[in-house]
Amino acid sequence: MKIWLMKSEPDVFSFEDLKTAKNKTTLWEGVRNYQARNFMRDEMKKGDIVLFYHSNCAEPGIVGLAEIASGEAYPDPSQFDPKSNYHDPKASRDNPRWVVVDVRYKKSLKHPVSLKEIKAHPKLSEMKVAQRGMRLSVQPVEEVHYKILQEEFWTGSSSA
DNA sequence: GCCAACGTTGGC
DNA sequence: GCCAACGTTGGC
């Protein structure tokens, strides 16, 4: 079981949007970075934990927990859609370039863990997301960091 | 809105 | 294959 951090701009698609989505599930469309794609295509497994991260907003940080709900990655339909912002003219149905996975809402957090808190924490500051210039929108999270998040932020009254 | 850091593109 | 130019990300 792996743990992932997935970024989304709340103006585009927020954790609240995921919670209210049909079946509380969405396909994670629009990833247009090869490294991120390869994680989704090669390494994600159904049931993996997802830390849902809000980026490019007033309070960037981890706002909720989700999980991978699809068995395998499959072609991102938006790449074939000329009207989509995510359209990729170089992709074809015979030779798709981009994939999606399904992400399902799991749990909200009463107290999101802000990027500020992550950076201020002696261990969490090692996380990729805290590193300077790190733009990768899908990134693996080390188990030790997930444990710290659980034990120091999400136990007892701090989890919803 | 600014801008540093990054990834991609394309000319050569 | 190099690398300058460009577009994007995302914190601040």
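Predicted model: local features only at pLDDT ≥ 70, side-chain atom pairs only at ≥ 80, totals over all residues.
Which residues are buried in helix α4 (residues 143-153)? They are His-145, Tyr-146, Ile-148, Leu-149 and Phe-153.

**Helix α4**

- An α-helix has 3.6 residues a turn, so residues three or four places apart point the same way.
- The cover over the buried residues of α4 includes the strands β1 (3-8), β3 (49-54), β4 (61-68) and β7 (102-114).
- Helix α3 (115-120) is also included in what covers these buried residues.

- Around DNA strand B stand Asn-33, Tyr-34, Lys-90, Arg-132, Gly-133 and Arg-135.
- Of the atoms of DNA strand B that come within 4 Å of the protein, 73% belong to sugar and phosphate.
- A base of DNA strand B is also approached: one of its oxygens lies 2.4 Å from a polar side-chain atom of Arg-135.
- Sorted by class, the protein surface near DNA strand B consists of 1 nonpolar, 2 polar and 3 charged residues.

**Surroundings of DNA strand C**

- The residues that surround DNA strand C are Lys-7, Tyr-53, Ser-55, Asn-56, Pro-60, Leu-115, Lys-119 and Arg-135.
- Sugar and phosphate make up 70% of the atoms of DNA strand C that come within 4 Å of the protein.
- Lys-7 places a polar side-chain atom 2.9 Å from a phosphate oxygen of DNA strand C.
- Tyr-53 has an N or O atom in its side chain at 2.8 Å from a phosphate oxygen of DNA strand C.
- Arg-135 takes part through its backbone, where a polar atom is 2.5 Å from a phosphate oxygen of DNA strand C.
- By class, the surface near DNA strand C comprises 3 nonpolar, 2 polar and 3 charged residues.

**Glu-67 in strand β4**

- Glu-67 belongs to strand β4, and β4 is one of the elements that cover the buried residues of α4.
- Glu-67 counts as buried because its relative accessible area is 15%, whereas the cut-off for a buried residue is under 20%.
- Apart from neighbours within four places in sequence, the residues in contact with Glu-67 are Asp-48, Val-50, Asp-102, Val-103, Arg-104 and Lys-106.

Technical notes
Residues numbered from 1 in each chain as written. Chains lettered and ligands numbered in written order. Heavy atoms only, no water. Buried < 20%, exposed > 50% of the residue type's maximum accessible area, 1.4 Å probe, protein only. Helix = DSSP H or I, 4+ residues; strand = E, 2+ residues; numbered from the N terminus. Contact = heavy atoms within 4.5 Å. Near = heavy atom within 4 Å. Polar contact = N/O pair within 3.5 Å; in protein donor to acceptor, adjacent residues only side chain to side chain. Nonpolar A, V, L, I, M, F, W, Y, C, P; charged D, E, K, R; others polar.
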